[in-house]
Amino acid sequence: TFSSDVAEAVAAAFIASNKGVVENVSNYASVDFNVKTSSADASAAGVVARLESANAKVLGCKNYGKVTLSGVLSNRAGIAGVVGTSLMAGALVENCHNYAAVEYSRKNEKELSLAGVLARAQASSTVKNCTNEGAVSYTYSEAASGSYLHIAGVAGASYDNSEILDCVNKGKVSSCIKNTLRLGGIVATLNQGGKIIGCTNSGSLDFVQGELSSKVWFAIGGVVGFEEKAEKGRTHEISSCKNEAPINVTLAHSNNTHKNRIAVGGILGLSCSDISLQNNSNSGNLTVKNTGKTDVYCGGVLGFYRQANVLKTSSNVNRANVSLEAQNGAAGGVFGNVSTAVEKLEGDTNFGSVSFGEDNRKSGSIAGLTSAALKSCKVGGSVNGTVLNAENFSLYIQGTDSKGSHSECVFTTK
């Protein structure tokens with residue numbers, strides 16, 4: 001058990017601050033870090049709390065000890081099984097594995113990152129060939145206004161051209177927070193450049209709550225929950241990734257005043273900037289229910305693309321069922337809602353069933369709603385109980401309320 005009352009608090013079973021190489025270390029002790037000051041910028045982990053040098057490396061390490069963080073926090077905090085926070089460009093976490101639970105059960109006051117391997121990757125850090133098998137959970141429903149949560153199987157938040165490569169999550173990831181949530185099987189938040197390549201999630205994603213806060217960003221994805229702020233020299237890519245686990249969301253939300261709404265995707269939940277999605281596949285069923293009035297967007301690959309930037313997609317495949325019960329929203333086998341017209345959506349495929357509403361105004365085999373054109377898509381599965389075939393598939397490519405066109409699309413079967 002550790003405690004701290006300093007401005008920047010760090011704790012780990014082995015090393016609090018690392019500027020060198022930590023290799024082949026195994027931790028079996030639990031880490032319970034109690035932060036005693038409200039101003040703390042805290043990191044807690046099973047092996048290393050912080051990487052603070054471009055030469056810092058954590059290689060071949062394993063964590064078997066439960067990691068928890070408690071106390072009063074009003075600043076940024078990170079909790080993970082292996083490494084808490086990577087602060088420097090060039091830092092590397094490779095061939096590391098977490099087998100224990102990572103959890104937080106106190107009120108979140110600011111920004112909190114929870115993950116199985118690394119809580120927060122900053123400044124061109126790399127996480128490679130790592131695995132999480134422990135449950136990652138935030139079990140306290142209340143949160144301060146303006147706070148937000150990154151929670152994921154491998155890395156909670158990936159910033160500043162960091163890369164997450166060939167990683168696997170097998171642990172359940174769950175939350176019941178009422179405020180802003182980014183939840184992902186591999187990464188919760190992808191921000192200011194970075195790549196997620198060759199990763200696989202097989203841990204279920206679960207959220208159960210009633211009414212949420214009024215101005216909330218809510219994004220859940222089988223690989224990445226939320227993406228934003230790509231720019232020149234800081235592009236985003238999610239490619240050759242798989243989600244194999246179910247995503248289950250239940251809420252009763254009506255009073256959302258934020259334009260991002262609720263977004264759930266088999267690969268990516270909510271996207272707000274330039275991104276490339278290529279060669280990804282989803283086989284985990286999406287089951288989403290909102291008894292309130294807020295719009296909910298669900299897609300077998302992407303839940304909601306909101307801004308007029310550059311979304312490029314190709315060769316993504318959905319093989320799972322997308323089921324949405326809600327008063328308002330849209331559901332699609334590949335895209336829930338693509339709200340702008342300039343995006344390039346080409347060569348994507350759906351084999352799964354899509355269910356939302358009594359007609360197909362906002363539900364389709366490829367897209368529930370889209371303002372962008374669909375090209376060369378392979379269309380299959382079913383829409384609201386209608387099994388698609390070579391004669392009728394063109395009627396169900398996208399929801400009839402869509403403004404975008406479609407061309408060169410063909411019918412396909414498994």
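In β32, the bridge partner of L183 is I220. Before going further, the ground rules: this is a predicted model, in which local features need pLDDT of at least 70, side-chain atom pairs count only at pLDDT 80 or more, and totals for chains, interfaces and linings use all residues. Residues are numbered from 1 along each chain as its sequence is written, and side-chain values use heavy atoms, with hydrogens and water left out.

Some terms. Strands are DSSP runs of E with at least two residues, numbered from the N terminus. Two strands pair if DSSP finds at least two bridges between them.

Back to β27. This strand and β32 run parallel and are joined by 4 bridges. Strand β22 (residues 148-152) also runs parallel to β27, with 5 bridges between them. There, I151 stands opposite L183.

Is β27 enclosed or open? Strand β27 (residues 180-184) is largely enclosed by the rest of the structure, because 5 of its 5 residues are buried. Buried means under 20% relative accessible area, exposed means over 50%, and partly exposed is in between, with a 1.4 Å probe and protein chains only. T180, R182 and G184 point one way from the strand, L181 and L183 point the other way, and all are buried.

**The open sheet**

Next, a sheet of 12 strands. The sheet is open, its pairing is parallel, and the order is β4-β9-β14-β19-β24-β29-β34-β39-β44-β49-β54-β58. At the edges are β4 (21-23) and β58 (406-407), each of which pairs on one side only. Inside that order, β39 (residues 275-278) and β44 (residues 311-314) run parallel and share 4 bridges. One example is Q278, whose bridge partner in β44 is S314.

**Aromatic rings**

How many aromatic pairs does a search of the whole structure find? The search gives 6. Rings of Phe, Tyr and Trp (its six-membered ring) pair if their centres lie within 6.5 Å; planes under 30 degrees apart count as stacked, over 60 as edge-to-face and the rest as tilted.

The pair Y104 and Y138 is stacked, because the ring centres are 5.8 Å apart and the planes are at 25°. Y104 is in strand β16 (residues 102-104) and Y138 in strand β21 (residues 136-138), so to speak distant parts of the chain, 34 residues apart. Y104 counts as buried at 1% relative accessibility, and Y138 counts as buried at 1% as well.

The pair F207 and F218 is edge-to-face, because the centres are 4.8 Å apart and the planes are at 80°. F207 lies in strand β31 (residues 205-208) and F218 in strand β32 (residues 218-221), so this pair ties together parts that are 11 residues apart in sequence. F207 is buried at 0% relative accessibility, and F218 is buried with a relative accessible area of 0%.

Ring pairs also link Y28, Y64 and Y99 into a cluster. Y64 is found in the loop between β10 (62-63) and β11 (67-71). Is Y64 buried or partly exposed? Y64 has a relative accessible area of 33%, so this residue is partly exposed.

Last, a charge. The charged end of R120 sits over the ring of Y159, 4.1 Å from the ring centre. The criterion is NZ of Lys or CZ of Arg within 6 Å of the ring centre and within 35 degrees of the ring normal.
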